[in-house]
Amino acid sequence: MGTKNTNIAIIGAGILGTTLSYIISSLSNSKIILIEQENNAGHHASSRNTGKVHAPFIYNPEKKNGLAKAALFGYDFWNNYCMAKKINFKEDGIMEVATNDKGTKTIYKHLEWGMQNGLEKKDIQILEKKEVESIEPNITCQSAILCNRDASVDYGEITRCLAIDAFKNKVDQIMNSKVIKIENELASNKEITLKYKQYPCNSCNSDGNEKEIKCDFLINAAGGSALDIVNMMKLNLDYTNLYFRGEYWIAPLKYKYLTNHSIYSVPEFQQFPFLDPHWIIRSNGNREIGPNACPVFSQHGYNTRINLKEFFPKIYDFAKGSNIKKIKNMFFKKEITQLVLKEMLSSLSKRHMINRVKKFLPLLKSKDFIRKGTSGIRTNLIDKYGNFITNPVFISSNNALHILNYNSPGATGAFSIGFVLAFKLIEKGVVKKDKEIQTHFFKEKLIMDCIKEVKISLIKI
Ligand SMILES: Cc1cc2nc3c(=O)[nH]c(=O)nc-3n(C[C@H](O)[C@H](O)[C@H](O)COP(=O)(O)OP(=O)(O)OC[C@H]3O[C@@H](n4cnc5c(N)ncnc54)[C@H](O)[C@@H]3O)c2cc1C
């Protein structure tokens with residue numbers, strides 16, 4: 001069995017793990033291994049999303065301060081990075097529309113939140129019905145927010161580009177390799193052993209070779225699998241994963257000039273971490289509708305075959321231990337049942353999904369949508385009372401950092417959260433700061449302001 005030794009092992013080459021590997025390797029000469037089960041970086045949620053650099057007006061500053069500020073700084077980080085790398089960063093702005101009185105009230109609340117989260121007057125404004133008509137004549141609504149500080153990118157492309165920069169910084173990237181077992185002593189400073197299976201290629205059916213990595217410190221950035229990694233380390237966190245597939249429909253070319261902006265509507269169920277399907281203008285100019293949030297059985301349940309395969313294991317997982325109680329508690333909440341039914345209907349019926357957007361873009365006809373876009377899965381934690389966890393969860397022990405529930409606007413916030421975590425690890429003495437950050441992508445002030453303002457708390461165990 002081949003053993004590799006390293007200071008830091010990062011599980012997961014999604015946008016977060018890859019960004020962290022790049023940031024830490026820019027600050028330190030520590031040996032870093034980035035291990036990924038797929039054959040390239042950014043294979044899952046990081047490539048399968050809406051591609052928005054979200055402006056932070058939809059996040060309650062009292063409840064989602066960390067993520068909101070991460071998104072605020074994310075705009076400058078990605079703008080600078082994409083400019084340096086000549087990657088498309090389309091500064092195309094966003095409109096959020098209200099179709100009724102309740103929605104209009106929310107629009108005013110969102111304006112306040114946006115300002116509290118650091119947007120400036122020049123970035124964001126409320127539009128009355130007539131003003132919307134002059135900017136977006138095909139949109140029907142009562143009122144809207146127009147925010148200029150919102151952009152469209154291809155996060156998959158960005159993640160792959162960052163993986164190359166991390167590689168140049170000597171990060172050892174082990175692809176096609178799935179971590180299957182972890183040996184550690186809780187609350188010790190001792191090294192951790194990761195057992196993994198390396199497959200010769202992504203799609204081959206080989207059993208894979210078992211190998212191991214010994215590391216001083218582990219960063220768990222395994223996205224939808226982060227809780228599985230926590231469970232491998234027997235940390236007993238009382239959470240369960242739920243998976244929601246976000247599906248997209250690609251609009252035909254004739255709809256290309258319907259709007260100048262991507263358009264969201266005020267979400268019907270505002271207490272949950274999902275927006276309603278929107279009208280999207282992608283960074284490549286494609287127009288799409290989506291995503292919904294249909295419950296599925298696997299974090300990779302992109303199609304029926306995978307979901308059928310994962311049906312019994314997930315039902316078994318739900319039924320065991322305290323999970324059954326969490327699921328029961330969750331379905332006792334009326335709004336969750338309503339949300340789930342609506343989202344499932346939008347998956348089963350194209351017309352239902354298109355109608356949710358047609359509400360504010362009435363020219364759409366469901367028969368014109370014949371191609372599905374790329375779907376992506378959000379993994380959301382629920383706690384023992386069946387409540388949705390709406391923020392990321394950062395768990396820190398002597399020899400590991402786990403990032404769970406890292407959902408939207410996770411891609412927008414990856415650099416901000418990455419810098420904050422890297423500096424926390426420096427403070428903790430896990431990362432030795434050997435060099436000044438290479439600031440050819442960003443001004444040092446941007447990084448320092450971000451670290452000062454993006455407040456995240458680590459749960460120590
Ligand atoms: C439908 C949808 C729309 C979204 N829209 C937006 C948006 O517009 N803007 C925005 O900012 N955010 C958006 N998000 C959220 C954003 O995409 C995620 O927050 C972000 O991509 C999470 O990155 P990650 O690196 O944590 O996870 P991932 O990209 O899932 O990466 C985790 C990686 O870990 C690997 N891994 C897991 N287990 C193992 C193991 N045992 N061994 C080895 N490797 C392992 C996986 O293969 C994967 O590559 C959206 C998400 C979805 C699903």
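I call a residue buried if 20 or more other C-beta atoms lie within 10 Å of its own, exposed if 12 or fewer, and partly exposed in between, with C-beta atoms placed from the backbone. My helices (H or I, at least four residues) and strands (E, at least two) are DSSP runs, numbered from the N terminus.

**Ground rules.** I'm looking at a predicted model, where local features need pLDDT of at least 70, side-chain atom pairs count only at pLDDT 80 or more, and totals for chains, interfaces and linings use all residues. Residues are numbered from 1 along each chain as its sequence is written.

**Strand 21.** I started with this one. Ala-400, His-402 and Leu-404 point one way, Leu-401 and Ile-403 point the other way, and all are buried. Why do I call strand 21 largely enclosed? Because 5 of its 5 residues are buried, the rest of the structure largely encloses it.

Next I checked its neighbours, taking two strands as paired if DSSP finds at least two bridges between them. Strand 11 runs parallel to strand 21, joined by 3 bridges, and Asn-220 has His-402 as its bridge partner. On strand 20 (residues 393–397) I found 5 bridges to strand 21, running antiparallel. A hairpin of 2 residues links strand 20 to strand 21, and Ser-397 stands opposite Ala-400.

**Helix 1.** I then moved to residues 15–27, which make up this helix of 13 residues. From first C-alpha to last it reaches 18 Å, close to the expected 18 Å (1.5 Å times one less than its number of residues). I found 12 of the 13 residues buried, including Ile-15, Tyr-22 and Leu-27. Those buried residues pack against several elements, among them strand 21 (400–404), strand 11 (209–220) and helix 11 (414–428).

**Ligand shell.** Which residues come nearest the ligand? I noted Gly-12, Gly-14, Gly-223, Gly-246 and Gly-410, out of 40 around it (near means a C-beta atom, placed from the backbone, within 6 Å). Helix 1 turns up here too, supplying at least two residues of the shell, as do strand 9 (177–183) and strand 19 (376–382).

**Strand 16.** Last, I looked at residues 287–290. Strand 15 (residues 278–281) pairs with strand 16 in the antiparallel sense over 4 bridges, with His-278 opposite Gly-290. Their hairpin has 5 residues between the strands, and Gly-285 in the turn has a positive phi of about 95°. Strand 13 (residues 249–250) also pairs antiparallel with strand 16, over 2 bridges, and there Ile-250 has Glu-288 as its partner.

Terms used
Contact = placed C-beta atoms within 7 Å.
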